[in-house]
Amino acid sequence: MTESKVISPSRPSDLGEIQLDVNNVEVVYHDIIQVLRGVSLEIPRGKIIALLGTNGAGKTTTLRAISGLLKPENGFVKAGSISFEGKSIQNASGQKIVKSGIVQVPEGRRVFKHLRIEENLRVGSITRTDKKQIAKDLLHIYEIFPKLYDLRRKQAGYTSGGEQQMIAIGRALMAAPKLLLLDEPSLGLAPLLVKDIFERIKTVNQEGTTVLVVEQNASIALGIADYGYIMEQGKVVLEGTAEQLKNNPDVKEFYMGVSEGKRKSFKEIKSYKRRKRWM
Amino acid sequence: MAYFLQLLITGISIGSIYALAALGFVLIYKSSRVINFAQGELIAIGAFIIYALTVWVHIPIWISLVITILISYFIGLGIERTFLRPMIGQPIISVIMVTIGLANLLSGLVFFTPFGTLPARYPDFLPDPIRFGGLIIKWEQIVGILITTIFITILMWFFTKSTLGISMRAVADDQMASLSVGVSVKKVFALAWATAAMSAAAAGFVVGSLFGLEFGSLTAIGLRVFPVVVLGGLDSIAGAVIGGIIIGVLEQLATGYLDGIVPGGGTGDVFPFVVLIIILLIKPYGLFGTVEIERV
């Protein structure tokens, strides 16, 4: 945490009890490629946290380190610690982490194309045994996403991008997560759909699920988030409440495409970016 | 007409053996994309265990069948654990090579037992064939068709109704996404091998009771699986069943009608492949194979 600039004294712990504590995590792929170089995040219970940054900043890797999905990609947590509700989970198996209450919605949705929508949702409940509650949760997901109910017998591969994002989120919710990790839910969706998806995410959060959302679309993510982290080159370079980040001139310039004063020419922006980096 | 019906019935009963054998093959391919070359050996081992339990331990043959299917479940798990699990993450072609090695290993091991050289038969356990209107229907054929029907009904139920079965199909679709909701991919692979060994044992029982226990002809059924699954679609259970029956019936019809015309005979072995090629020209994924869904 020493490396990042804190804009004001407001800390994540001011927002609530810390549910997930990622402390100075380093991740290495294939034993040689270091992607995370000491990432620290504190996720308070019941809040929405945005993790922003450009391509290749290490956002997805951070999510995978938390959700235990590094192994299939030949990665592992080399240093640092991750603890969820007081228990250490770094390098634990994916199933163990899902059972403990962390579920990731993968980037690009990754629905099971050849399964019907309802079957997609049912796979989400594989780690659970409480049949009655599972049935209730399924109905509740249809309440959040009424469209999925209408299409429940349809093969998921033949649905639209927005519907697939709903399926992916619904599938993750079927695992009854306490912490939901979302990897770029806006990817490839029309602006109206993005707005809709983020409203549903807000609903899910209001029902008690903590949300950690990775986004490139900073303005929409900060629109619903309570707190945000900005990553660059494998490190957190800036953090603050959503309000603070939204009003930060650098964030505005780099991630929201608005700058103070008059519009700059393409040339000027390029040189500006080159001159000024976070680190 | 009676002759045609006779060929049809024989064909369906042989086809149901192919279907059972192909079923296990399809399950493994479906969940892990691995082509199992050891399916024939699994059939033979199942058939031999039933013989050993019935003739040497004097357990009634039906109970032997049930016990053997249970034993096969663990054989499948064991094979997956020992030979396939260490290969997770390796290129598919290497894993397929392992199954070829496994086939050779298993057939080598069979020659340590009396079954390698000694063609045996199950003791007669069914009444005489049914005869009417010139037709002869063996009870073994009826039993074979029944066992296949039972197996397929249970598996169909499992794959469409139970969360574990649906998850197995999910793994076939997208392993990473399955992992993300906590599906144990290892468990799914193990279960696929266990189910494959179980259906192979059932197939072994039917083959053994129809044609006797000769190692070479038992493993040959494993090879017959290939035209069946290519015809039905490599990843379709329904395809395995229908493909199996089509191949079985075509074989019988060709033997019955063409062998007399073609000098040298043996058309039963060739004709199904001719039809296979024609069908594949029209439907390259097989009759029921999964066509890749591409959204543009």
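This is a predicted model: local features need pLDDT of at least 70, side-chain atom pairs count only at pLDDT 80 or more; totals for chains, interfaces and linings use all residues.
Student: Is Gln233(A) buried, exposed or partly exposed, and how do I tell?

Tutor: Count the C-beta atoms around the residue. Gln233(A) has 16 other C-beta atoms within 10 Å, which makes it partly exposed.

Student: Where does Gln233(A) lie?

Tutor: Look in the loop between strand 10 and strand 11 of chain A.

Student: What is the phi of Gln233(A)?

Tutor: Start with the general idea. Most residues other than glycine have a negative phi. Gln233(A) is not a glycine, yet its phi is positive, about 45°. It sits in the hairpin of strand 10 and strand 11 of chain A, which has 2 residues between the strands.

Student: How do strand 10 and strand 11 of chain A pair?

Tutor: Strands of a sheet pair through backbone hydrogen bonds, either parallel or antiparallel. Strand 10 (residues 227-232) and strand 11 of chain A take the antiparallel sense, over 6 bridges. Met231(A), for instance, stands opposite Val236(A) in strand 11 of chain A. Strand 11 (residues 235-241) of chain A has 5 of its 7 residues buried, so it is largely enclosed by the rest of the structure.

Student: How do I read an open sheet? In what order do the 4 strands of chain A stand?

Tutor: The order is 3-2-5-6, and the pairing is antiparallel. Strand 3 (33-44) and strand 6 (87-88) of chain A are the edges. Each has a single partner strand, so one side of each lacks a neighbour in the sheet. Further in, strand 2 (residues 18-29) and strand 5 (residues 75-84) of chain A pair over 8 bridges. Glu26(A) has Ala79(A) as its bridge partner in strand 5 of chain A.

Student: Now helices. Which residues of helix 4 of chain A are buried?

Tutor: Asp137(A), Leu138(A) and Ile141(A) are buried there. Seen down the helix axis, the buried residues of helix 4 of chain A fall within an arc of 105°, so they line one face. The face turned away carries exposed residues, among them Lys132(A), Lys136(A) and Glu143(A). The cover over the buried residues includes helix 3 (117-123), helix 5 (146-150) and helix 6 (161-173) of chain A.

Student: How far does helix 4 of chain A reach?

Tutor: Compare the end-to-end distance with the expected span. Helix 4 (residues 131-144) of chain A has 14 residues and reaches 20 Å, close to the 20 Å expected. Helix 9 (residues 215-232) of chain B should span 26 Å, and its end C-alpha atoms are 27 Å apart, which agrees. In helix 9 of chain B, 13 of the 18 residues are buried, so it is largely enclosed by the rest of the structure. Gly233(B) follows helix 9 of chain B, with a positive phi near 105°.

Student: Which residues touch the most other members of the largest nonpolar core?

Tutor: In soluble globular proteins, nonpolar side chains tend to be buried together. Here the largest core has 164 residues, and Ala21(B) and Ala22(B) touch the most other members. Helix 8 (residues 185-211) of chain B gives the largest share, 18 residues. Setting aside residues up to four places away in sequence, Ala21(B) touches several residues, including Ile43(B), Ala200(B) and Val225(B).

Student: How many residues does each chain bring to the contact?

Tutor: Chain A brings 27 residues and chain B brings 18. On the chain B side, helix 6 (163-173) and helix 7 (175-180) each supply at least two. Helix 6 of chain B has the largest share, 6 residues. That side of chain B divides into 8 nonpolar, 7 polar and 3 charged residues.

Student: What does His114(A) touch?

Tutor: Beyond its neighbours within four places in sequence, His114(A) is in contact with Gln155(A), Gly157(A), Asp173(B) and Thr290(B). It lies in the loop between strand 7 (102-105) and helix 3 of chain A. His114(A) is buried, with 20 other C-beta atoms within 10 Å.

Technical notes
Residues are numbered from 1 along each chain as its sequence is written. Chains are lettered from A and ligands numbered from 1 in the order in which they are written. Two residues are in contact if their C-beta atoms, placed from the backbone, lie within 7 Å. Ala, Val, Leu, Ile, Met, Phe, Trp, Tyr, Cys and Pro count as nonpolar, Asp, Glu, Lys and Arg as charged, and the others, Gly among them, as polar. Two strands pair if DSSP finds at least two bridges between them. The expected span of a helix is 1.5 Å times one less than its number of residues. A residue is buried if 20 or more other C-beta atoms lie within 10 Å of its own, exposed if 12 or fewer, and partly exposed in between; C-beta atoms are placed from the backbone. The arc is that of the directions from the helix axis to the C-beta atoms. A nonpolar core is a set of buried Ala, Val, Leu, Ile, Met, Phe, Trp, Tyr and Cys residues joined through C-beta atoms within 7 Å.
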